Amino acid sequence: MIHQYKLGGYNIVLDVCSGALHVVDDLSYDIIAGLDEIYSHQEKLNRGNDGKSGGMIDIETLSERVLYDMQKKYAGTKMGDPSEIRECYEQIMALKEQGKLFTRDEYEPMAGELKARTSGVVKALCLHIAHTCNLNCSYCFASQGKYHGERAVMSYEVGKRALDFLVENSGTRRNLEVDFFGGEPLMNFQVVKDLVAYARSIEKEKGKNFRFTLTTNGVLVDDDVIEFANRECHNVVLSLDGRKEVHDRYRVDYAGNGSWEKIVPKFQKFVEARGGKNYYMRGTFTHANPDFLEDIKVMLDLGFTELSMEPVVCGEDDPARLTEEDLPIVLEQYEKLAELMIQRDKEGKPFTFYHYMIDLKGGPCIYKRISGCGSGTEYMAVTPWGDLYPCHQFVGEEKFLLGNIYKGVKNKKVQDDFMACNVYAREECRNCWARLYCSGGCAANAYHATGSVRGVYKYGCELFKKRIECALMVAIHREFAE
Amino acid sequence: MEHIKTVETRNLCESAKKGGCGECQTSCQSACKTSCGIANQKCESEKK
């Protein structure tokens, strides 16, 4: 399978299964499109009869037909010369021989392998340090941090047991990820500090390396928080929606006052003191600002360069929800964002957009790409009282309760459902060119859109595919600009 | 003439031979928390 598209002045061809990426001229682009139709048809026939004899098409004759069509299409130009067309065809065939074009998907038997191999191994926990928040953002998927339940904070004892649970269940895995999440985790900052101290006290003896991430709305950030986070946290995620009026529309305190003025100077100080360590300014965009590029520009003007901007996750009746009418606007914004990145590169002022980070030479292996996101198996969320859920987005959905940190996972049926989530679990994904970049997508998005963790959140897929197209284009540009 | 330029990428078919150590991050940590993307993740295998 291939995916071809035109963006940023490039004709781009992605060989989906090998990951090979090509920039081609118009003639190659058209020949590849013609050949892809032939090979795809053959593959469908193969699938239909288990690849056994019968159902074969005459690939050679059909390929010649494609080349003949090119002569007509490009007649009167240099590209229409039969010898040029033949040469181009030979270059395409050479790539096919090298396994860099029209590569077949032979990964399906491996889909469950990584999860089976690491079955029972937990490598990351999202600790819900506080189910309460000092902001009252109506678009919050966690219902103002309460996750549809009572306000609560995690005690040191519960947190300590959660860390022990992680170590006990992490097998030979060395790197363990722990997110301090909420609600607002800084409303329970002493416990965060104490848990980090505990983890540091055991990691050497246990042969582990804890990596902590703190997600905060910034209200309680002070020198103490900055010093601690910059010393101990591998990453910090700082919530800022961009323009003041956009941010203050939703991110208000309980008196209804916007938080932008209060948090921006704190975040600037925080990031400056971080001295190059990982951080993300994380914004949410909604129906109120599908033109989110303006918010990205504000973040850049404020001096932030590591950016993430996420589509809102909310209920169907929520006025913040992105609509079908917003979709073309959002897709265009992603393209313009890619253009902005290239422009800023040229100006020597590069920035990072989380979803456009793509490591073409050293990204994830195929096992990772086909095995799903890991929620409910290697990643779980822990409530303030120690219950385990498949991820933070399922907390409060009682039917997804997996167990607790004292007795472990008891609800094997739910865990098996998550275990079975992979690229090949959904027919739509099986035939999607982007499947090795999203790994089958977000189970929570799927559940909220369709009622099943194995459903498909189509709106999210549209956004995702556009992001990957843009990410690949920016990567190509950077490659050739070097 | 050269009709195609190929960008250097990790060969996913080859990655099947040594991959699958599981040391990499889970997929929606870091920054998004509300969607799944693995393209932006790093391979953390020591024998890559």
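In this predicted model, helix H1 (residues 26-48) of chain A packs against helix H3 (residues 82-97) of chain A at an angle of about 60 degrees, and their axes are 10 Å apart. Helices here are DSSP runs of H or I with at least four residues, strands are E runs of at least two, and both are numbered from the N terminus. Axes are lines fitted to C-alpha atoms, for helices over the stretch in contact, with angles running from 0 to 180 degrees between N-to-C directions. H1(A) and H3(A) are therefore oblique to each other; angles under 35 degrees count as roughly parallel, over 145 as roughly antiparallel, 65 to 115 as roughly perpendicular, and the rest as oblique. The crossing of this pair, H1(A) and H3(A), is right-handed, a term used when the near helix is turned clockwise from the far one by less than a right angle, anticlockwise being left-handed. On H1(A), the contact involves A:Leu27, A:Ser28, A:Ile31, A:Ile32 and A:Leu35, and on H3(A) it involves A:Ile85, A:Cys88, A:Tyr89 and A:Ile92. Residues are in contact if their C-beta atoms, placed from the backbone, lie within 7 Å. Sorted by class, the contact of H1(A) with H3(A) holds eight nonpolar residues, one polar and no charged ones. Ala, Val, Leu, Ile, Met, Phe, Trp, Tyr, Cys and Pro count as nonpolar, Asp, Glu, Lys and Arg as charged, and the others, Gly among them, as polar.

H3(A) also packs with helix H2 (residues 59-73) of chain A, at an angle of about 135 degrees and with the axes 10 Å apart. That angle makes H2(A) oblique to H3(A), and the crossing is right-handed. A:Leu67, A:Met70 and A:Gln71 of H2(A) meet A:Pro82, A:Ile85 and A:Tyr89 of H3(A). The residues of this contact comprise five nonpolar, one polar and no charged.

Turning to the whole chain, chain A has 17 helices and 15 strands. Its radius of gyration is 25 Å, close to the 23 Å that the globule rule gives for 482 residues, so chain A is as compact as a globular protein of that length. The radius is taken over C-alpha atoms, and the rule is 2.2 Å times the number of residues to the power 0.38. Along the principal axes, the C-alpha atoms of chain A fill a box of roughly 75 × 50 × 45 Å. The domain assignment gives domain 1 (2-106) and domain 2 (113-366) of chain A, with 42 Å between their centres, taken over C-alpha atoms; such bounds come from an automatic or database assignment.

Chain A also touches chain B, with 73 residues of chain A in contact with 38 residues of chain B. Helix H17 (residues 458-481) of chain A supplies the largest share of the chain A side, six residues. That side has 34 nonpolar, 22 polar and 17 charged residues.

Two backbone details are worth a look. The peptide bond from A:Gly182 to A:Gly183 is cis, with omega near 10 degrees, and A:Gly183 lies in the loop between strand E6 (175-182) and helix H6 (189-206) of chain A. A:Tyr147 has a positive phi of about 50 degrees although it is not a glycine.

Residues are numbered from 1 along each chain as its sequence is written, while chains are lettered from A and ligands numbered from 1 in the order in which they are written. In this predicted model, local features need pLDDT of at least 70 and side-chain atom pairs count only at pLDDT 80 or more, whereas totals for chains, interfaces and linings use all residues.

Note on methods:
Contact = placed C-beta atoms within 7 Å.
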